[in-house]
Amino acid sequence: MDTTEKETSIKLQALDQFETLLNNKEFSDVKFVVEGKAIYANKVILISRSSVFSAMFRNRMKEAQEGAVEITDVEYNVMLETLRFVYAGKVNEIEKFSKSLLATADKYDLGGLKEICTDYLCTNMSVESVVEYLSLADLHNVQRLREKAIKFIIDNGNAMVNRPEFDSIVDLHKGAFLDVVRAVLAREKIEDSRSRRCGKKFSTTNNYISFL
């Protein structure tokens, strides 16, 4: 094992040790109450990892000073995994909580967690999920997910236009809809230029924007 591998191994061990502090009542100085259940944590770790937690505890919020913070808009398991990322830089069951964790990553300013969720959602996009993922991208300002969703819609135009949720793109995502149209027209221009060089006329417009 070379020096770099040793350093990586030591860092991973340190993260594992930090994870043991999560939900450890004996050494905690704050607890989150979620769905009537407590999650025990440490202010110094929370402050060091999140600007939102830092503001929460530095501004002397009543709940923070009393050592108990009630969370009403996040499920218990989702909050636990959010804090697991804060402590150990990882989450369990990303396939189950990715959409909810994207929301908490945005809420608590956890850029690394947002990246993990974005990676998973981009990799596991489908005709059934892409419109919902586009909504999440707009809601939580995730440009990479937005771009991936728009490209997916364009690449799968024939399958998408017949889906009932497709109409919501026009109603709820006018900006995204215009981006789709612009991208399709740009693609057609490129393909038309290629076809002219080959002495052929080819159009993709009907395939991709027959919904216009």
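**View 1. Helices α6 and α8 are roughly parallel to each other, since their axes cross at roughly 10 degrees and angles under 35 degrees count as roughly parallel.** In this predicted model, the axes of α6 (residues 94–107) and α8 (residues 130–139) come within 11 Å. On the α6 side the contact is made by Lys-99, Leu-102 and Asp-106, and on the α8 side by Glu-132, Tyr-133, Leu-136 and Leu-139. Sorted by class, the residues of this contact are four nonpolar and three charged, with no polar residue.

**View 2. The side chains of strand β1 (residues 30–34) alternate between two faces.**

**View 3. Strand β1 pairs with strand β2 (residues 37–41) in the antiparallel sense.** The pairing extends over five bridges, and within it Val-33 stands opposite Ala-38 of β2. Two residues lie between the strands of this hairpin, in which Glu-35 takes a positive phi near 55 degrees.

**View 4. Strand β1 also runs parallel to strand β3 (residues 68–71).** These two strands are joined by four bridges, and the bridge partner of Phe-32 in β3 is Val-69.

**View 5. The whole chain contains 13 helices and three strands.** Of its 212 residues, 39% count as buried, while the accessible surface comes to about 12300 Å², with 50% of that surface belonging to carbon and sulfur atoms. Among contacts between residues at least 6 apart in sequence, 58% join residues at least 24 apart.

Conventions: Residues are numbered from 1 along each chain as its sequence is written. This is a predicted model: local features need pLDDT of at least 70, side-chain atom pairs count only at pLDDT 80 or more; totals for chains, interfaces and linings use all residues. Side-chain values use heavy atoms; hydrogens and water are left out. Axes are lines fitted to C-alpha atoms, for helices over the stretch in contact, and angles run from 0 to 180 degrees between N-to-C directions. Angles under 35 degrees count as roughly parallel, over 145 as roughly antiparallel, 65 to 115 as roughly perpendicular and the rest as oblique. Contact means heavy atoms within 4.5 Å. Ala, Val, Leu, Ile, Met, Phe, Trp, Tyr, Cys and Pro count as nonpolar, Asp, Glu, Lys and Arg as charged, and the others, Gly among them, as polar. Buried means under 20% relative accessible area, exposed over 50%, partly exposed in between (1.4 Å probe, protein chains only). Accessible areas come from the Shrake-Rupley method with a 1.4 Å probe; for residues, only the protein chains shown count as cover. Two strands pair if DSSP finds at least two bridges between them.
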